[in-house]
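Subject: Structure handover

Hello,

Here is the structure for you to open alongside this note. My findings follow below it.

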Amino acid sequence: MSTSSKSIEADVGILGKNNDATLHDTEKSDIDIEDKDDGPMIASRLDVYNALKNAKFIGSSSFGGKADGTMTIPALPPMSGLFVHDIGRISLPIAPSQANTLKAHSWKTNDDVFTNIYQVEAHSIDIQNPFWDASLSKLVKTVAFKFGIRPDNLSAKLDMLLHMEKGSSIDWCSNVEEDENIIGSMLIQLPSIFTGGKISVFDGDEDVDEENEADFITSFNMGESNNEAEFACHFVCHYSDCQYEIEEITSGSRVLLRYSLLYNGNDGVVPTADLLHKFVVPLKTSLTYLPRADRMILVPLGHDYSPSSLTLSGIDALAPDHRAKAESIRLAGGNNWTVLILNVFNTFTTRSERDVNGQSKFQTAALYDSQGKKVDHTWMKKILSFNPLEGEVANNRERMLLSTSARLVDNWGKRKSRKTKTLHHGGYDSDSPYGYGYDYHTSYEYTSTYKATFLLAYDMDSVFELKCVEASKGTLSGRILRNDGVIAAVEEVVKKQDYSMLGRLLEVVEFKEELRFDTSTCRKLLEMMVNSLDNECDITSLASRILGALSTSAEPDSLLWNTIVSAVRKFKWCELRKNVSSLLCDESRKKGDSRRSRISLTVFLNRIDFCIKLTATKAKDESNFALKCISHSIDDLAGTDLRGISYGMENLPEMKKLDSMVVEHGWKAMAEVVKHSLEFYSSNAPERVQYFIGMGRHISKFHGNHSCNITLDAMTTFAATFSSKMQKFPDHNLRESLVSSSLAESLIISIQVVIDHGEQNDMDLVGKKITSQRNIFSSFLKRASELSHNSTEPQTFLLDLLNKLFMQQSIEINAEASCVCPPSMRSSCECRWNVVSPDNSTEDNTKVSPSLHVNLTLGANPHLASLKDKDGRFPLHYAATRGVYETVACVFEENPKAAIVCDPLTGLYPFMLAGSNGNAAAAFELLLSDPNLVLGGIPADEDDEEKDRKRKRSPSM
């Protein structure tokens, strides 16, 4: 018995000998963790699961994985600087030529256990990477934590280098150590390229039946299965009394460093795997170092205990194996941990005959304490997660069900009932113009009901942190939509002005990325710090941590940036520089999804606004930093591509923000910002009609407020872009825009920009689109007429439309425009200009005049033909220059007097313009209106008359 007592004390390791003082004092444990920054001291629910998975053999006799810093495993440098005497530096992954040289300087082992194993003694090996020893020390501390002993009682000593090539293997064996202080070994696999070679460790003992041995074997693929072995170090460690094997290498080669793990405790007893199997140290260690926000676990029992038995007997109603798990948690967790018994219903709906790939709906029936009394579980119900841990690594920290199996039967036992529902669906019909018809098919929906009992264990001192985990999630996606727990905690902290509670909240959000602050919660806490009068606590450090806890997916808005400015003024730049710099310069904050940048114009302007305000502090460091950030932000914006993404440009608050920034900071400070902002609009023009015409409206307004060369260039660029984009606008979207008064006004303003700042080709494209369908043209003309009556110059815009957009268009060219309406509806279709016969929808009933659109325009506004534009030209001059015969005749009929007025731009009469346009018929008709125009011929220039006189005198000379 005395020996057993010593073994327990030796095995406890970091837990110490005094259970009351160290094992169960959670606050003391937390202080120890914070004070000793000598390696990772964080456990996960996966660690708890591994320790609890077998109540008879609780322990971590082996441990391994990828040493790249993910999860709780420290990183080992992939470039180790491996140096072998008489060879030199070994490049990794090892090249075939160096592999041959290495084999020539090593000794080869071939026997019943070892096959083609090449070994180099430790005295011939140097690891030259200066960071290797520190990284290795952290890894050894993590191994000690997994093995359940004090981290400072374990060290590693390099034994040898192993080289394995194709055909190399190690059969099942265990290590026989000459040094009694060696308790195990650790193999560190340096970056290698190979296949095969899986390492397996047997965690059982001699009492395990042969048929059950597979349940006690843990395998490590060392990065081979997912091709990670080439890029990172992998490791596996185990106790010396554990058997292990390395399967045959099927291709390539691997380089391993073998370390001996030495135990230097002074209690006289060396821990072994056999001892760990018999005690609860790993479970105790896992629960001790479990983060507070994770200190709630669910243990599936795979059985349904009746409410009556639980009420009558409490924990005594559980089967021996289940009772053992409950007692293990109670013993390992100590007085602060509470173990409850939970009954839950699971309604699982799927369309598969097997219960897979479906949707679960959970309902907690009752919660009992160890005495069998019912417990109020309102707050627990909001955070319970019945999703099992998946695979070898639990990537989702909110998963609290200690099971790595996703099969319902493994976690819920046998289903209680099942219902089948028949569903009828309409199918796709290729013969229908709409794609839908009467091709029905039938499917079935299965609803299964499960009821099971779980152990629910949690740390009573961590209730505040556990409540922070509450979140609203999407029904189907399961993604977090709102962090309700964090929001409630922030409200409580601000209300109570409790800085110790704030520190606990920060620990939660710093540990769980998915729970980090959004802009609103971050601003509220930062405002509390800025307005605080408390000088006793380190509120400067808390303010910095608040900024650091802002989610990487949350970009500060203008309100938060202004609060940060206030914080910088109060707490000084040097205290907040690191986290403020991260907000502006961290590359992860510049990426939205895998394809696009997050640097929209709103983000850009908010950042620039903050930087300009930062320069106003007159501090040299702040000003230099702000100027660099402005330059980097401009570069980031230039590299952003948001085309095809709808980001709210129908209202364009960015333009209002830009306008207010110009007013606040002055044009000198904002000139470059305005230039790049307007260029961003042009390069990221959205495809949707509503957004694009909204952009035109606001750019036009901005140009009116701040007219200069920069805004003039933006107007010219928009005119060219708009004309090309308008050709791609779907006709139905264009019609919808004309129905809305605000969108119609924006469209007209955008077209005015094209008329005032675009090239003639731009106007041609816009005019062609407007006249492509009769209903579009009619709606546009109606809106233009209505808006022109409300303007200060009612006829100017209509005159520009007629002269520069409509005159050059011919309905005859566009009469065959495509019509998306089904044939049965074309009798009443208003898309095409030509009239369709009701009894024959495939033939035109009426020939349409090419100038019908001009006729309709002049019919609605008959005075337009008699008005001159700003260049002094009549519509007839435009019609004669570019219009067809019917267009010229139509305009001439409305204002025949214009036929005798010279074009002020060319000096030609309308009949001459028509002739130069190749329109002989129109030229003849215009000339017939006043033949006197050619009675005296074309007036000669005085210089020409002088030349004629000189020519006449030349023969007599």
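This is a predicted model: local features need pLDDT of at least 70, side-chain atom pairs count only at pLDDT 80 or more; totals for chains, interfaces and linings use all residues.

Helices here are DSSP runs (H or I, at least four residues), and strands are runs of E with at least two; both are numbered from the N terminus. Residues are numbered from 1 along each chain as its sequence is written.

First, Thr-563. It is found in helix 18, residues 558-571. Is Thr-563 buried or exposed? Thr-563 is buried, because its relative accessible area is 8% (buried means under 20%, exposed over 50%, partly exposed in between, with a 1.4 Å probe and protein chains only). A polar atom of the Thr-563 side chain lies 2.9 Å from the backbone oxygen of Leu-559. Leaving out residues up to four places away in sequence, Thr-563 touches Arg-523, Leu-526, Glu-527 and Val-530 (contact means heavy atoms within 4.5 Å).

Next, salt bridges. Side chains of opposite charge can pair when their charged atoms come close. The rule is a side-chain nitrogen of Lys or Arg within 4 Å of a carboxyl oxygen of Asp or Glu. The count by this rule is 26 salt bridges.

- Glu-555 and Arg-607 meet through their side chains, 3.0 Å from N to O. This pair links distant parts of the chain, 52 residues apart. Glu-555 sits in the loop between helix 17 (539-548) and helix 18, and Arg-607 in helix 20 (residues 601-615). Both residues, Glu-555 and Arg-607, are buried.
- Arg-882 and Asp-764 form a salt bridge at 2.9 Å, N to O. Here too the pair links distant parts of the chain: Arg-882 is in helix 33 (residues 875-882), Asp-764 in helix 28 (residues 760-770), and they are 118 residues apart. Arg-882 is partly exposed, with a relative accessible area of 36%. Asp-764 counts as buried, at 16% relative accessibility.
- Glu-513 pairs with Arg-516 in a salt bridge, and their closest N and O atoms are 3.3 Å apart. Glu-513 is partly exposed, since its relative accessible area is 34%. Arg-516 is buried, at 17%.

Best wishes

Definitions and conventions
Side-chain values use heavy atoms; hydrogens and water are left out. A polar contact is a pair of N or O atoms within 3.5 Å; within protein, one must be able to donate a hydrogen and the other to accept it, and residues adjacent in sequence count only if both atoms are side-chain atoms.
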